[in-house]
Amino acid sequence: MVTTEEAVEICSQFPDRLIPFCNVDPRYITNSTKANFIPLLTAYKEAGCKGVGEFFPNIPLDDPLNMNLFRQVEEVGLPLLFHLAPKVGGYYGCYDDPGLPRLEKVLKQFPKLVILGHSQVFWAEIGLLNNPEERGGYPKGPIVKEGRLVELMRNYPNLYGDISAGSGHNAISRDPEFGYRFMEEFQDRLCFGTDYCHVVQELPQVPYFRKLKEGKLISEEAYEKITWKNASKLLNL
């Protein structure tokens, strides 16, 4: 485990390469729906943190404790990157039901809060689910019908997609033609990522985006936005 304070210190040693985010548990301070996180969030922002996340308390996404924190993250003006889980208990990540109704509630209630979606449960919904069990893994094969995620991205401009990890890569590559269209349509709200980073980690996104560029499978404009411009703009770099 790495604290926000440690992350800020590490990033300060390599300011041209590393950008810190902060993490806050909604049960901090008083474990109350009236807890005041503004001073803490403001202090982290002033220390250089550009966002909140990866946010993953294993409680419902729309739990009143989360909603209290989300309101204040929106007020401070930081984007939030979350991890979704298929269940409460035995997982890390906020819980949402099939169809992501809790996510829609958050998006609707906090329209100025930029939310970056991440994890298997989020990206599995790019296509219509055959059964709920698919949410915890990496659905394969063609996307016959658009999923709930596509609908939410069309309806809520504050929803972004973090295409890191196996879940993000799987979503855009499992059905290549669908993936190309998806990236073109949402080119302003998709961000390249690596998820956690360690020495032997495989990053399939790197050769995949190289192939996209060399084969001209998506537009040059979409490629540039997804690989760096969107993140640069979102984080005010």
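Q: What is the volume of the largest cavity?
A: Rolling a probe the size of a water molecule over the atoms shows where empty space is left. In this predicted model, the largest cavity has a volume of about 50 Å³. The count of cavities of 30 Å³ or more comes to 1.

Q: Which residues line the largest cavity?
A: The lining consists of Gln120, Trp123, Ala124, Ile126, Gly137, Tyr138, Pro139, Ser167, Asn170, Ala171 and Arg174. Sorted by class, there are 6 nonpolar, 4 polar and 1 charged residues. Helices α5 and α7 (165-173) each supply at least two residues of this lining, and α7 gives the most, with 3 residues.

Q: How many residues line the second largest pocket, and which lie nearest its centre?
A: The second largest pocket is lined by 14 residues, and those nearest its centre are Gly77, Leu78, Pro79, Leu234 and Asn236. Its volume is about 200 Å³. The lining divides into 7 nonpolar, 3 polar and 4 charged residues.

Q: Now the packing. Which residues of the largest nonpolar core touch the most other members?
A: Phe182 and Met183 do, in a core of 55 residues. Helix α3 (residues 64-76) gives the most to this core, with 5 residues. Another core lies apart from it, with 6 residues, including Val114, Tyr160, Cys191 and Leu234.

Q: What is Met183 in contact with, leaving aside its neighbours within four places in sequence?
A: Met183 is in contact with Ile172, Leu190, Tyr208, Phe209, Leu212, Ile218, Ala222 and Ile226.

Q: Which residues of helix α6 are buried?
A: An α-helix has 3.6 residues a turn, so residues three or four places apart point the same way. In α6 (residues 148-155), the buried residues are Arg148, Leu149, Val150, Leu152 and Met153. Their cover includes α4 (101-109), α5 (120-123), β6 (159-162), α8 (176-185) and β7 (190-191).

Q: Turning to the strands, what is the order of the open sheet?
A: The 5 strands run in the order β1-β2-β5-β6-β7, with parallel pairing. At the edges stand β1 (52-55) and β7, each with a single partner strand, so one side of each has no neighbour in the sheet.

Q: Over how many bridges do β2 and β5 pair?
A: Strand β2 (residues 80-82) pairs with strand β5 (residues 115-117) over 2 bridges, in the parallel sense. Leu80 stands opposite Ile115 in β5.

Definitions and conventions
Residues numbered from 1 in each chain as written. Predicted model: local features only at pLDDT ≥ 70, side-chain atom pairs only at ≥ 80, totals over all residues. Heavy atoms only, no water. Buried < 20%, exposed > 50% of the residue type's maximum accessible area, 1.4 Å probe, protein only. Helix = DSSP H or I, 4+ residues; strand = E, 2+ residues; numbered from the N terminus. Contact = heavy atoms within 4.5 Å. Core = buried A, V, L, I, M, F, W, Y, C linked by side-chain atoms within 4.5 Å. 1 Å grid on protein atoms, 1.4 Å probe; cavity = no way out; pocket = protein on both sides within 12 Å on 5 of 7 lines; lining within 4 Å. Points joined across faces, edges and corners; volume = space filled by probe spheres on them. Nonpolar A, V, L, I, M, F, W, Y, C, P; charged D, E, K, R; others polar. Pairing = 2+ DSSP bridges.
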